Every structure is written in C-alpha cells, then in structure tokens.
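Thanks for coming, everyone. Please have a look at the chain on the screen, and then we'll walk through it together.

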Amino acid sequence: MNSMLVEKKFPSGQLLQIVQGDITLEEVDAIVNAANEHLQHGGGVAWAISKKGGATIQRESDDWVRKHGPVPHALPAWTSGGLLPAKYVIHAVGPVWGDTHDVGTSGDEDGQLSDAVTGSLKVADELQCKSISMPAISTGIFGFPKDRAAGIIFSSIEKYFAKNQNSGVTQVRIVLFDQATIDSFMKQWVE
C-alpha cells in the first residue's frame, strides 16, 4: 500500500504530495511513465507499468510511435491504463544524463526534464484528469542525479500551476519506490 509522506497546497489550490510506494497501484486518473522516445517499455518504471498494465499498453504505444514518430521531451504520448487502476498512462521522455547523442540539445538535461514534467501536466489537462502520479523521471536507468531532478520536478510543477491557475489537475503525486530517491526528494522539499 502506498503512503503519503508530505504534501503542499499551492495558492491556486492544487496539492503536491510525495508518496512512498508503487506507481502501478495508484488510483488516479493518470500515471506518468518514464519512457524512452520509441516507447519500448523494457526496463525500470516503464517495464513495471507495462507488465502490470498488460499488453494493451505496449500495443497502444507502438501504434502511437507508428502514427506520430519518436516522442519528444516536451510532448508526451499517452495510452490507456490497460489493467492498471489509472485510466491513462502518460509516457514522458526524460533526458538521459550526459547523453551526447541527442544532437542540438545535449547539455540541456535540466530543460529537457522540466519539459517532460510540464508536458505531462499539459497532457493531463488535455485528458481532463484531476489527479496524476509521476515517478522521479530520468533518475533510474537514465542516470539523472536524484537531488537535482527533485528540485527541477518540484519547480516545474509549481511554475505550471502558477501559469495555469485554472488547471483541472487538483492533485499531483510524486511516487517514489526506493529509500535513496525518497531521501533525495525529501531533502529538496520546500514547504
């Protein structure tokens, strides 16, 4: 069972929470998958989501890429939640830390992570979601430093709600699985 550790209410009314647990168990409108640009869900959070959500998620992901091409950082894809409690999975492509193959954008991992978070919130609004849960995007197999990612994720969420005060999203949950990530995010938490 997932447990909330801390929460903050923004002036615009939205709640931001840090939750310890398993994102695949979240009973929210949408969960965010930390995806790669081709939506091949073979490792990390993506693998767990695809495994528990069933074959539908990978099939819909393959269809998305065939129709739209590789997924950019700022424009996440989305699929149904398959067998998950969440109605949707928003597939956000975070940066690979130190990746020099991303021509023209290498060295801007901070901006790419911010784009992935902001893009996820935009998609949640487009899908008329009230609640969304996201992992610590890019901090697993993509190697983004956890402390740095926490600050960027928190800041990106706060800026989104400051600019979009009429957002229909009322709850954002950052769902963290391992203690090292929880410690990093709690260290960056600002009331």
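This is a predicted model: local features need pLDDT of at least 70, side-chain atom pairs count only at pLDDT 80 or more; totals for chains, interfaces and linings use all residues.

Let me start with a question: is Asp110 buried, partly exposed or exposed? Asp110 has a relative accessibility of 28%, so it counts as partly exposed. Keep that residue in mind. We'll come back to its partner.

Now the overall picture. The chain has 191 residues. Its secondary structure comes to five helices and seven strands. Read from the N terminus, the order is β-β-β-α-α-β-β-α-β-α-β-α. Along the principal axes, the C-alpha trace spans about 40 × 35 × 35 Å. What radius of gyration would a compact globule with 191 residues have? It would be near 16 Å, and the chain has 15 Å, which agrees.

Next, the inside and the surface. Buried residues make up 49% of the chain. The chain exposes about 9100 Å². Carbon and sulfur atoms supply 53% of that area. And the contacts? Take those between residues at least 6 apart in sequence: 67% of them join residues at least 24 apart.

Let's turn to charges. Side chains of opposite charge can pair when their charged atoms come close. How many salt bridges are there? The count comes to six.

Asp110 forms a salt bridge with Arg148, and their closest N and O atoms are 2.8 Å apart. Asp110 sits in helix H3, residues 109-126, and Arg148 in helix H4, residues 146-163, so this pair ties together parts that are 38 residues apart in sequence. Arg148 is partly exposed, at 42% relative accessible area.

Look at the cover on each side. Lys52 is partly exposed, at 42% relative accessibility. Asp22 has a relative accessible area of 19%. The cut-off for buried is under 20%, so Asp22 counts as buried.

An α-helix has 3.6 residues a turn, so residues three or four places apart point the same way. Arg66 is exposed, with 63% relative accessible area. Asp63 is partly exposed, at 37%.

Let's stay with H2. Does its length fit, or what span should we expect for its 14 residues? At 1.5 Å a residue, they should span 20 Å, and the end C-alpha atoms are 20 Å apart, which agrees.

Which residues of H2 are buried? They are Ile57, Gln58, Ser61, Trp64 and Val65. Seen down the axis of H2, these buried residues fall within an arc of 120°, so they line one face of the helix. What do they pack against? Their partners are H1, strand E4 (77-80) and strand E5 (88-93). Now turn to the face pointing away from the buried side. That face carries the exposed residues Ala55, Arg66 and Lys67. Just after H2 comes Gly69, with a positive phi of about 85°.

That takes us to backbone angles. Most residues other than glycine have a negative phi, and most peptide bonds are trans. Two residues here are worth a look.

Take Leu39. Its phi is positive, about 55°, although Leu39 is not a glycine. Leu39 is found in the loop between E3 and H1. Is Leu39 buried or exposed? At 0% relative accessibility, Leu39 counts as buried.

Then Gln128. Its phi is near 60°, again a positive value in a residue other than glycine. Gln128 lies in the loop between H3 and strand E6 (131-134). Gln128 is exposed, with a relative accessible area of 70%.

How values were computed:
Residues are numbered from 1 along each chain as its sequence is written. Side-chain values use heavy atoms; hydrogens and water are left out. A salt bridge is a side-chain nitrogen of Lys or Arg within 4 Å of a carboxyl oxygen of Asp or Glu. Buried means under 20% relative accessible area, exposed over 50%, partly exposed in between (1.4 Å probe, protein chains only). Helices (H or I, at least four residues) and strands (E, at least two) are DSSP runs, numbered from the N terminus. The expected span of a helix is 1.5 Å times one less than its number of residues. The arc is that of the directions from the helix axis to the C-beta atoms. Contact means heavy atoms within 4.5 Å. The radius of gyration is taken over C-alpha atoms; the globule rule is 2.2 Å times the number of residues to the power 0.38. Accessible areas come from the Shrake-Rupley method with a 1.4 Å probe; for residues, only the protein chains shown count as cover.
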